[in-house]
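Hello,

Here is the structure I promised to pass on to you. Please have a look at it first, and then read my notes below.

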Amino acid sequence: MTTFVESTVRFPYKRSLGPVIGQFMTALTERRLLGIRAGDRVIAPPLEWDPETGEQLDPELIEVGPAGTVRSWTWVAEPSPQHPLDRPFAFALIELDGATTAMVHAVDVAEPGAMTTGMRVAPRWRAARVGHLTDIEAFVPGEEPVVPADDAGPAAEPVTMMGYEASIVYTTPLPGNQERAGKAAARGVLLGFRCPRCGRIYSGLSGSCPVDGLLLSPEDDVELPQVGVITNYTIITPVQYPGQTETEPFARVQVLLDGVDVVLAYQPVADLPNVDIHTGVRVAARWSEADGRKVLDGWAPTGEPDIDDPSLVNRIM
Amino acid sequence: MTTEPVAIVGWALTPMTRRTVNSEAELLFEVISGATEHAGITRADVDFSCAGSCDYVAGQAFSFVQNIDAVGAWPPKRDSHVEMDGAWALYEAWVRLQLGDIDVAIATGSGRSSTADPATVYPMEMDPYYLAPLGADVVSFAALQARILLDAGLVTERQMATVAARARGAAQGNPYAQVSGEFDVDALLEDDYVRNPLRRHDLPPITDGACAVVIARGDKARELTDHPVWITGFAHSAEPHHPGLRDLRVSASTTRAARAAGLDAAPVEVAELQTTFTHEEALLTTALGLGPEVAINPSGGPLAANPVMATGLTRVIEAARQVRDHGKQRVLAHATSGPCLQQNLVCVMEGTR
């Protein structure tokens, strides 16, 4: 019976906009739409380079729209969380007046029967605009833009950055060796794997012998010793990013367990100040217990003499 | 550079399924073992490997690194990765063999689409300013292009349903296919739309799977097999990323790639096309200049199984199979990537007379 693990990966991007897209986004806060000349064409929304020739385009933008013509459309009956509207809507290719190319955006109508190729649409503006494509809440049928009564007005400063956050939920099957290793760790046991061909013993979550190109199976499980040596390390000065909980410089070490061929990578330490970490320190696993399960807190010095082997530092994977 | 020809000498696919319990690395172990065995070599004989896969599909940064375990790291190998379908990995491997210093390469494609909703994954590959913030997903893009073709009279909904019924009928003979069976076109046309004008049958299934192809140079290929499938033309071409900038009634990059691959030099008997959506078949056959005498997707194509990142490389395998197992002389495989057929690859293969 396979165990599935659910995880949510967030991608909170912040992007600089540059001279062309920045102008476009700034204009959105002013309820204006801009395009850029590229030869005989007017590209809207604007790009920095001519898609045909690769030439940089003159960043002298021209106003287009605000109304436009639907060149194609589709009906989204079940919106995803990332779609601009949380009720059924149309995606459309909209050629803004004065432009020769189409932009993708949502059209807010009640049902697909309200959509036709060639129909006229205009933007419905958000009251509070930040310089983001969704400052246009959606397009609506007709010639006239819709402006909310509580319009907050344009941005005080030119818009130079934009945020974009995606969030994807993954449901991933847990490989058998990882499940066995996880269950062993909950008992305070480090599980490893012995390649049946070359005899190398692997630590960590590897389910295969990369040297022999061989998948390992439960018969290859071995219990590992919990004493080894630090081969290499890094001291990390935390920068704040979403999900970062560390505030002070912290260490991650590579530990080569006795009799094992591959290091345990990126391990925390216990009772070992950053200044005392170096290649060759003998360490042992330090466990604590929570809710009846063992948790590896980190690797603590055993007090034994250092291992003096300059080649150890190369053992990083 | 050498002009010595390169041939496909072995391949393998996993069964294509809605949801696998295997990791991507495990899928690759299966196909790399299978493809090397098919070619009559071991992992140690492989000089270069190139993988096509996608971190956003896998949901893990640097997911391709652990996949290298499946190639076998000893003796040390030259390795590369493309964040593209495995067909582009094969292209890179083919280019690598042109350098003339190594003889054997393997290309893989792998993906597990089952692990997340593809509609939330796809926008991650879009323009981050104008497209991704709208959650612009692959099915919506396809539907926008389908309507343009319908409005232009280049395809009808009935023709689209006919493509689906033919593909899934053909897939009954394909042991690797995920969706197959006899379907009635009139019944299909009674279904509701998923993304108007696309119905369920116009869309590919969500598929997990992987495949691998072994290629070899000149005499090495002849030494390994009496039936090398020679790659006689190979090219790819891209168009602007934004669908709104392009004439979506045609596929200019497909035509350009086909010309560069020398498709016009002689007729082909079979074409395996990455028609992920039904309306794309009419568009692509026109872009490639294929007449009604050419058999399209006898494997069932992507409408029968769509392992994202392996779908294109599977087309190469299925076309090569037509040469090696069914006596065809000249075939083509097509792969695509990006919104509304943005980037297209054409591979022409021939048997030895």
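A residue is called buried if its relative accessible area is under 20%, exposed if over 50%, and partly exposed in between, using a 1.4 Å probe and protein chains only. Arg246(B) has a relative accessibility of 11%, so it counts as buried.

Before we go on, some ground rules. This is a predicted model, where local features need pLDDT of at least 70 and side-chain atom pairs count only at pLDDT 80 or more, while totals for chains, interfaces and linings use all residues. Residues are numbered from 1 along each chain as its sequence is written, chains are lettered from A and ligands numbered from 1 in the order in which they are written, and side-chain values use heavy atoms, leaving out hydrogens and water.

Back to Arg246(B): you will find it in the loop between β8 (229–238) and α10 (252–260) of chain B. Helices (H or I, at least four residues) and strands (E, at least two) are DSSP runs, numbered from the N terminus. What does the side chain of Arg246(B) reach at 2.3 Å? It is the backbone oxygen of Cys340(B). Leaving aside residues up to four places away in sequence, Arg246(B) touches several residues, including Glu239(B), His241(B) and Gln342(B); contact means heavy atoms within 4.5 Å.

Next, the aromatic rings. Rings of Phe, Tyr and Trp (its six-membered ring) pair if their centres lie within 6.5 Å; planes under 30 degrees apart count as stacked, over 60 as edge-to-face and the rest as tilted. Over all chains, the whole structure has ten aromatic pairs. In one of them, the ring centres of Phe24(A) and Tyr130(B) are 5.5 Å apart and the planes are at 80°, so this pair is edge-to-face. Phe24(A) belongs to helix α1 (residues 18–29) of chain A and Tyr130(B) to the loop between α5 (118–121) and α6 (138–151) of chain B, so the pair joins two chains. Both Phe24(A) and Tyr130(B) are buried.

Tyr91(B) and Phe234(B) also form an edge-to-face pair, with 5.1 Å from centre to centre and 85° between the planes. Tyr91(B) is in helix α4 and Phe234(B) in strand β8 of chain B, 143 residues apart. Is each of these two buried or partly exposed? Tyr91(B) is partly exposed at 21%, whereas Phe234(B) is buried at 5%.

Finally, one aromatic cluster is formed by Phe11(A), Tyr13(A), Tyr164(A) and Tyr56(B).

Happy exploring!

Technical notes. A polar contact is a pair of N or O atoms within 3.5 Å; within protein, one must be able to donate a hydrogen and the other to accept it, and residues adjacent in sequence count only if both atoms are side-chain atoms.
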